[in-house]
Amino acid sequence: MELQGMAPEVAKKFKYWQTRTIIASMIGYALFYFVRKNLSIAMPAMQDDLGITKGDLGLFLTLHGLLYGVSKFANGFVGDRVNARYFMVTGLVLSAACNIWFGFSSAVVMFGIVWMLNGWFQGMGFPPCARLLTHWIPPTQLATKMSVWNTSHSVGAGLVVIVCGYIVSLGWRWCFWFPSIIALVGAVGLWFALRDTPRSVGLPELNSKTGAEEKEDTSAEFKQFVRKNVFGNPAIWVLAIANFFVYIVRYAVLDWGPTLLGEWKGVSIHHAGWMVAAFEISGIVGMLVAGWATDRFFGGRGPRVCVICMALATVFVALFWGISQPPMWLATLLLGAAGFCIYGPQALVGIAAANIATKKAAATAVGFTGLFGYASTLVSGWGLGLLAQHYGWNIAVGALILITIMGTLIFMAAWSAKANGYDND
């Protein structure tokens with residue numbers, strides 16, 4: 001059932017809850033970034049204060065990312081079957097608790113343990129959002145509206161690097177304590193603002209052929225549906241593999257940006273925070289344009305837009321790498337242009353996977369693509385850290401050009417994929 005098939009008073013109520021759900025989940029997911037991407041600003045100060053090497057810091061990023069990817073995948077199964085409100089709030093509270101613990105720690109081993117735990121709890125953030133969005137947004141509008149929602153990634157990551165860029169002067173530990181306080185306050189607001197599916201507030205479910213209440217699938221039916229529509233779907237496998245390369249570039253900037261800009265380009269930590277934020281802010285515009293273009297010009301076929309975006313990202317990463325001493329405005333512009341391009345695929349991979357798998361298995365499909373995305377921290381975290389440590393940032397950033405080329409070629413394999421899987425539902 002689409003909104004236009006509802007009675008006027010029902011459609012009005014549905015629209016209210018749809019808007020409320022999108023806004024609340026956007027704010028909630030942005031807060032997950034407050035207790036995840038704060039580490040990048042703290043890293044230079046941690047190196048100076050504790051003598052931690054780039055290899056160690058890269059290992060933190062990799063272990064966190066790997067566990068996050070596994071968690072996002074595992075929790076995707078859970079997220080398709082449980083109340084999204086309870087699940088999301090619990091994950092945010094536990095992530096904030098890990099950050100508070102991290103701020104009180106000093107031993108390298110303890111840092112690793114706590115940040116790995118945080119990675120697991122972070123994986124409880126997106127699966128409930130995938131469930132919420134696919135239940136509240138019709139598939140014909142998903143690319144546009146979910147792209148708007150997806151700006152929460154950039155808003156959260158951009159704000160936290162700006163905030164931490166200033167409070168790090170109080171000591172690197174405040175980069176973990178202060179964002180945790182904000183996240184805990186936000187978790188309370190999320191509890192009161194969110195509900196689960198339309199049915200939980202007395203509204204009809206979307207995409208029902210008769211408009212009647214849909215029955216819950218049994219466990220066996222759900223597993224069979226997932227095997228066929230997620231793990232047996234070649235298009236989702238292509239999206240997942242391509243996501244590996246998208247996230248290498250994205251996290252290379254988010255995790256190493258302040259360190260890279262300071263050591264390679266001689267940028268101060270405050271200016272570096274703003275430049276990484278420019279990458280994120282440009283990404284917001286890129287997401288919106290990519291989502292709109294997907295629905296407007298490509299009939300909902302996100303992989304086709306991903307090919308174009310990744311090809312352009314290759315160009316801007318190459319320019320950023322090739323101009324050795326650019327003025328700050330040009331370096332910021334090139335970094336922003338790369339962000340504009342890379343965040344189109346970052347948003348559309350999840351949107352396309354959710355639409356292809358349908359609302360029945362959206363969280364599972366998004367978790368599966370996320371597993372590949374966060375496996376990328378083997379390269380963006382540990383790998384890039386070792387490259388920079390032994391060969392310098394010039395070689396490390398140059399390697400990202402090859403990454404974007406490979407991502408472009410893989411996305412091309414999904415060019416003919418269908419817009420959604422509801423005709424098979």
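A helix axis is a line fitted to C-alpha atoms over the stretch in contact, and angles between axes run from 0 to 180 degrees between N-to-C directions. The structure is a predicted model.

The chain contains 16 helices and 0 strands. Its C-alpha atoms fill a box of roughly 65 × 40 × 35 Å along the principal axes. For 425 residues, a compact globule would have a radius of gyration near 22 Å. The chain has 21 Å, which agrees with that value. Buried residues make up 60% of the 425 residues. Among contacts with a separation of 6 or more, 84% join residues 24 or more positions apart.

Helix H3 spans residues 54-79, and helix H10 spans residues 234-265. Their axes come within 13 Å and cross at roughly 155°. Angles over 145 degrees count as roughly antiparallel, so H3 is roughly antiparallel to H10. The crossing of the two helices is right-handed.

The contact between H3 and H10 draws on residues from both helices. H3 contributes Lys54, Leu57, Gly58, Leu61, Tyr68 and Lys72. These residues meet Tyr247, Tyr251, Asp255, Trp256, Thr259 and Glu263 in H10. By class, the residues of this contact divide into 6 nonpolar, 2 polar and 4 charged. Gly counts as polar in this grouping, so Gly58 of H3 falls in the polar class.

How values were computed. Residues numbered from 1 in each chain as written. Predicted model: local features only at pLDDT ≥ 70, side-chain atom pairs only at ≥ 80, totals over all residues. Heavy atoms only, no water. Helix = DSSP H or I, 4+ residues; strand = E, 2+ residues; numbered from the N terminus. Parallel < 35°, antiparallel > 145°, perpendicular 65-115°, else oblique. Left-handed = near helix turned anticlockwise from the far one by under 90°. Contact = heavy atoms within 4.5 Å. Rg over C-alpha atoms; globule rule 2.2 N^0.38 Å. Buried < 20%, exposed > 50% of the residue type's maximum accessible area, 1.4 Å probe, protein only.
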